[in-house]
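Hi,

Here is the model I promised to pass on.

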Amino acid sequence: MGKETIQLTVNGETREIIVEPNALLINVLRDELGLTGTKYGCGIGQCGSCTVLVNGEPVLSCLILAVAVNGANILTIEGLAKPDGYLDPVQEAFLDHGAIQCGFCTPGMVLMARDLLNKNPAPSESEIREHIKGNLCRCTGYLSIVRAIKSCAQKRG
Amino acid sequence: MAVNTRILPQGLECLFPKTIHEAVQMLTQYGPDAKVVAGGTDLLVRVKQGLISPAYLILIMKIPELINITKDECLRIGAATRLCEVLNFCAADEKYAAMSEALHSLGKVQIRNIATIGGNLCNASPAADSAPPLLVFDCRVKLYSMQGERILNLEKFFKGVNVTTMASNEIMTEIQIPSIQNGMGSAFTKITRVSADISKISCAVAVERRGDLCASCRIAMGAVASIPMRVRAAERIVTGKKVDVSLVEKLGQKVSEEINPITDVRSTAEYRRKVTPVLFKDVFWRAWQRAGGKA
């Protein structure tokens, strides 16, 4: 099976990558590009830990063929903090509210929270829970995560 | 043998047709070794689990003719249109309430940004959430092959679990929703184990009313038979009749008799039979309120 050359802009940097046709985006990000913030949790679209933004929209990288996103703009958790190193307000809020225990669900949760606040700056608790319902957390029971995201909503007010 | 869902276990070749015609040519050429992929959120899971092993994937998610939503004498949706786009469209028009409720509850945000409406139908899960509302709206699907195209009523499309009446050399190109009368009220609800989950039971109802009389009623259930199904036996009971609490009770019992549920990982046949009338009543009354102009 012939390899393909694809172009991906990942966290602002455009590069050419040679991939097998059966390569999944999650493995290209983690193994080829060394961006291991995106996690493999279930591989079948249920846990949300592989969430990344493709062309600004959150998707599950474990179910995306790399060749299908040739030319796309990808944001992983590593690309969320500002270039000068300051954290995104969502990241600060997660730290402030103890919304990180083992940290495995965190990259997906933070990206979904960022996506929600971009679209709806002052979400209600039920809107928050609805938006992150595809991201499973085995540690926190979600309370601290919801509080963290709600606190961002209130700040923007 | 343990399944490794981290990767697609076998080598395969990806084909990128630029038009529908190219896609069906490839499908005809490679036959049973090929699978058509749009969003891939169902298909790639089945490949990972080793349930299917295609040697060729025909990727249609970027063919422009398959991605569009247009309204003329009916609502036409390209089969590779993403669910998030269909949801946005339907949510803006309360005539499509059952459809927007179904799509909003389908999966989660990340899935709807990739998955397509054609894929949801062609995967033909009995629990497909877009099916019950499309069935109550009398949806038709357009299928295309090297021999040309045909239009099929959605009711005749589903055949069994993950099985459709689509020929192996056909691709779904369009979903058509006939024009919906003003004054039709519709609703959809699904029951799940956890909040982002495949349905245990789902129900869609579309009704037209004249005062207290039911002018027309369509009922569809998902996840309670081998295919998403219309419940015409119940529809016949209520059409033309005065709607009151006891009639709707009777309808719920009839729906429960007509379904053919099994016990699986998500629910038991007994639960599905017992809860169906309760779910149906909720959905019916909501559709009825909407038909009366009270959202």
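Below is what turned up, starting with the interface and ending with the cysteines.

Some housekeeping before that: this is a predicted model, so local features need pLDDT of at least 70 and side-chain atom pairs count only at pLDDT 80 or more, while totals for chains, interfaces and linings use all residues. Residues are numbered from 1 along each chain as its sequence is written, chains are lettered from A and ligands numbered from 1 in the order in which they are written, and side-chain values use heavy atoms, with hydrogens and water left out.

**Where the chains meet**

On the A side, 35 residues are in contact with 33 residues of chain B (contact means heavy atoms within 4.5 Å). The area buried between the two chains is about 2,700 Å², and carbon and sulfur atoms give 59% of it. Buried area here is the accessible area (1.4 Å probe) that two parts lose on being put together, summed over both. In chain A, the residues that lose the most area to chain B are A:Asn22, A:Leu63 and A:Lys133, together 22% of what that side buries.

How many residue pairs are in polar contact across this interface? The rule finds 15, both residues being at pLDDT 80 or more. A polar contact is a pair of N or O atoms within 3.5 Å; within protein, one must be able to donate a hydrogen and the other to accept it, and residues adjacent in sequence count only if both atoms are side-chain atoms. The elements of chain A that give two or more residues to its side are helix H1 (25-32), strand E4 (57-60), helix H3 (106-119) and helix H4 (125-131). Helices (H or I, at least four residues) and strands (E, at least two) are DSSP runs, numbered from the N terminus. The largest share, 4 residues, comes from E4(A).

There is 1 salt bridge between the chains, and it joins the side chains of B:Arg82 and A:Glu57 (2.8 Å, N to O). The cut-off for a salt bridge is a side-chain nitrogen of Lys or Arg within 4 Å of a carboxyl oxygen of Asp or Glu.

**A:Asn22 and helix H1**

A:Asn22 sits in the loop between strand E2 (13-19) and H1 of chain A. Its relative accessibility is 17%, so A:Asn22 counts as buried (buried is under 20% relative accessible area, exposed over 50%, partly exposed in between; 1.4 Å probe, protein chains only). Beyond its neighbours within four places in sequence, A:Asn22 touches A:Leu65, B:Leu8, B:Gln10, B:Gly11 and B:Leu12. A polar atom of the A:Asn22 side chain lies 3.2 Å from the backbone oxygen of B:Leu8.

As for H1(A), 6 of its 8 residues are buried: A:Leu25, A:Ile26, A:Asn27, A:Val28, A:Leu29 and A:Arg30. They pack against strand E1 (4-10), E2, strand E3 (51-54) and strand E5 (73-75) of chain A. After the helix comes A:Gly34, with a positive phi near 70°.

**Salt bridges overall**

Over all chains the structure holds 27 salt bridges. One of them pairs A:Asp115 with A:Lys119 (2.6 Å, N to O); both lie in helix H3 of chain A, 4 residues apart, about one turn of the helix. A:Asp115 is buried at 3%, whereas A:Lys119 is exposed at 54%.

Another pairs B:Glu249 with B:Lys281 (2.8 Å, N to O). That one links distant parts of the chain, from helix H9 (residues 245-258) to helix H10 (residues 269-291) of chain B, 32 residues apart.

**A strand residue in chain B**

B:Glu208 is in strand E12 (residues 201-210) of chain B. Its side chain makes a polar contact with the side chain of B:Ser216 (2.6 Å). Other residues that B:Glu208 touches include B:Gln181, B:Leu213 and B:Trp288.

**Cysteines**

Cheers
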